[in-house]
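Subject: Structure handover

Hello,

Here is the structure I said I would pass on. Please open it alongside this email, as the notes below refer to it.

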Amino acid sequence: MTSTLKQVKINTPDALIRKASRGDNVAFGEIYELWAQPIYRFVYLKTRDEGVAEDLTADVFLKAWKAVKTFQATKDAKFSTWLFAIARNSVIDYYRTTKQTVSFDELPEIFDVEGQQDLYPETTQLEDKLQSLKPEYKQVLILRYVEDVSINKVAQIMKKKASNIRALTHRALTELRKKLS
């Protein structure tokens, strides 16, 4: 008896994008699996609300699905940058349409359920100080150090030059250090 091995075809992100741009639902599903968590984290850090973050993440992928046929990858414009730009714009639209403000006292913290003690006081302090920064500073630090996005990609997402992002990152870190002192 002879057995045949089934060849498994591994899709690279570029191949998935090409397939999705031709209307392949399965390929777009794989794209979703690759990028849903990073996009959700980005949106959650901006909104601090799980439900809103879930809704906006779904909205980001719906917008991406509708527009994936028009996406053109270049040396400077990667698919991930495009997705994060959609996410950024969705968060901006959310705040613009809800006209909502959030008090820093209302931000969720991580507590020990039994002892009601903050398990990670350093993390909570850092998050509080990060949230108190100017929105532009907060965004650049989250993209660079939480999401680990390159300077060039951050520049595309924030619609600025890479040199401006470097300077902005430096100023944001300096401000954060002052607040933590």
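Contact here means that heavy atoms lie within 4.5 Å. Please keep in mind that this is a predicted model.

**The chain as a whole**

The protein chain has 8 helices and 0 strands. Read from the N terminus, its elements run α-α-α-α-α-α-α-α. The chain has 181 residues, of which 36% count as buried. Taking contacts between residues at least 6 apart in sequence, 57% join residues at least 24 apart.

**Ser80**

Ser80 belongs to helix H4, which covers residues 79–98. Is Ser80 buried or exposed? Its relative accessibility is 7%, and the cut-off for buried is under 20%, so Ser80 counts as buried. If neighbours within four places in sequence are left aside, Ser80 is in contact with Trp35 and Lys153.

**H6 and H7**

Helix H6 spans residues 135–146 and helix H7 spans residues 151–158. Their axes come within 10 Å and cross at roughly 140°. An angle over 145 degrees would count as roughly antiparallel, so H6 and H7 are instead oblique to each other. The crossing of these two helices is right-handed.

Which residues meet where H6 and H7 are in contact? On the H6 side they are Glu136, Gln139, Val140, Leu143 and Arg144, and on the H7 side Ile151, Val154, Ile157 and Met158. By type, the residues of this contact comprise 6 nonpolar, 1 polar and 2 charged.

**H7 and H8**

H7 also packs with helix H8, which is made up of residues 162–180. The axes of H7 and H8 are 8 Å apart, at an angle of about 100°. Angles of 65 to 115 degrees count as roughly perpendicular, and H7 and H8 are therefore described that way.

From H7, the residues in this contact are Ile151, Asn152, Val154, Ala155 and Met158. They meet Ala162, Ile165, Arg166 and Leu168 of H8. The contact of H7 with H8 divides into 7 nonpolar residues, 1 polar and 1 charged.

Regards

Conventions
Residues numbered from 1 in each chain as written. Predicted model: local features only at pLDDT ≥ 70, side-chain atom pairs only at ≥ 80, totals over all residues. Heavy atoms only, no water. Axes fitted to C-alpha atoms, helices over the stretch in contact; angles between N-to-C directions. Helix = DSSP H or I, 4+ residues; strand = E, 2+ residues; numbered from the N terminus. Parallel < 35°, antiparallel > 145°, perpendicular 65-115°, else oblique. Left-handed = near helix turned anticlockwise from the far one by under 90°. Nonpolar A, V, L, I, M, F, W, Y, C, P; charged D, E, K, R; others polar. Buried < 20%, exposed > 50% of the residue type's maximum accessible area, 1.4 Å probe, protein only.
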